[in-house]
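Q: I have a new structure open and I'd like to learn how to read it. Can we go through it feature by feature?

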Amino acid sequence: MKPKIATTSLAGCFGCHMSILDIDEKILDLADLVEFDKSPITDIKKFTRPIDIGLIEGGCCNSENIETLKEFRKNCKILVAVGECALMGGVPAMRNGIEIEECFDEAYLSGPTVKLNHEKIVPDDPELPKILPRVYSCNEIVEIDYFLPGCPPRADLIWEALTALLQGREIEPSYESLKFD
Ligand code: SF4
């Protein structure tokens with residue numbers, strides 16, 4: 001049975017997922033080596049069996065992100081934080097340090113891009129995930145086994161990391177895969 005990989009995007013922009021796909025023709029090699037399970041790539045919504053490697057894009061900005069991350073930790077033998085948003089909160093964490101009420105005011109009531117909200121409604125339907133007072137990195141919520149830096153991490157780094165983990169080796173990133181200029 002092939003090892004299984006699952007991926008998710010929490011508070012991220014899907015750029016890290018694009019970088020996974022950016023391994024170009026090696027994606028065919030990857031498809032030979034593994035089976036993708038729950039992931040936006042497959043659109044599979046539920047884990048079908050225990051997962052060997054879980055890849056997490058994005059940090060946690062709402063209650064749903066926290067639930068999803070904990071679910072991944074529970075179901076994945078190895079959990080990898082992919083990209084700066086997962087590692088440190090990234091761009092969404094720029095709101096950390098600003099009161100949540102001020103963020104809602106800017107987003108829905110008085111910000112320069114708010115034009116059509118004539119009734120001045122701030123969404124608060126109980127069905128919606130609860131926005132957290134700040135954005136959390138993944139390792140603040142669950143134990144993370146490996147961290148892949150970059151915004152997004154280079155495709156080479158993702159490939160090197162996945163092949164190492166699939167072969168039971170430690171990740172030893174090459175200098176080139178960690179060089180961002
Ligand atoms: S690390 Fe960069 S590319 Fe990845 S989700 Fe965050 S902003 Fe997007």
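Q: Let's begin with contacts: which residues does asparagine 65 touch, not counting residues up to four places away in sequence?
A: Contact means heavy atoms within 4.5 Å. Here, leaving out residues up to four places away in sequence, asparagine 65 touches Leu10, Ala11, Gly59 and Cys60. Keep in mind that this is a predicted model, where local features need pLDDT of at least 70, side-chain atom pairs count only at pLDDT 80 or more, and totals for chains, interfaces and linings use all residues. Residues are numbered from 1 along each chain as its sequence is written, and side-chain values use heavy atoms, with hydrogens and water left out.

Q: Where does asparagine 65 lie, and is it buried or exposed?
A: Helices are DSSP runs (H or I, at least four residues), strands are runs of E (at least two), and both are numbered from the N terminus. Asparagine 65 lies in helix H3, which covers residues 63–75. As for cover, buried means under 20% relative accessible area, exposed means over 50%, and partly exposed is in between (1.4 Å probe, protein chains only). With a relative accessible area of 7%, asparagine 65 is buried.

Q: What does alanine 6 touch, again not counting residues up to four places away in sequence?
A: Its list is Lys38, Phe47, Ile51, Ile53, Gly54, Leu55 and Phe72. Alanine 6 has its place in strand E1 (residues 4–9), and at 0% relative accessibility it counts as buried.

Q: How many bridges join E5 to E7?
A: Three bridges join strand E5 (residues 76–82) to E7, and the two run parallel. To look at one of the pairs, go to valine 80: its bridge partner in E7 is tyrosine 146.

Q: How many disulfides does the rule give?
A: A disulfide is a pair of cysteine sulfur atoms within 2.5 Å. By this rule the count is zero. Take cysteine 138, which is in no disulfide: the nearest cysteine sulfur belongs to cysteine 60 and is 5.3 Å away. Cysteine 138 counts as buried, at 0% relative accessibility, whereas cysteine 151 is exposed, with a relative accessible area of 63%.

Q: Is leucine 21 buried or partly exposed?
A: Leucine 21 counts as partly exposed, at 41% relative accessibility. You'll find leucine 21 in helix H1 (residues 15–21).

Q: And what about the chain as a whole: how many helices and strands does it have?
A: The protein chain comes to six helices and seven strands. Read along the sequence, they follow the pattern β-α-α-β-β-β-α-β-α-α-β-β-α. Buried residues make up 41% of the 181 residues. Among contacts with a separation of 6 or more, 74% are between residues 24 or more positions apart. Along its principal axes, the C-alpha trace spans about 55 × 40 × 30 Å.

Conventions: Two strands pair if DSSP finds at least two bridges between them.
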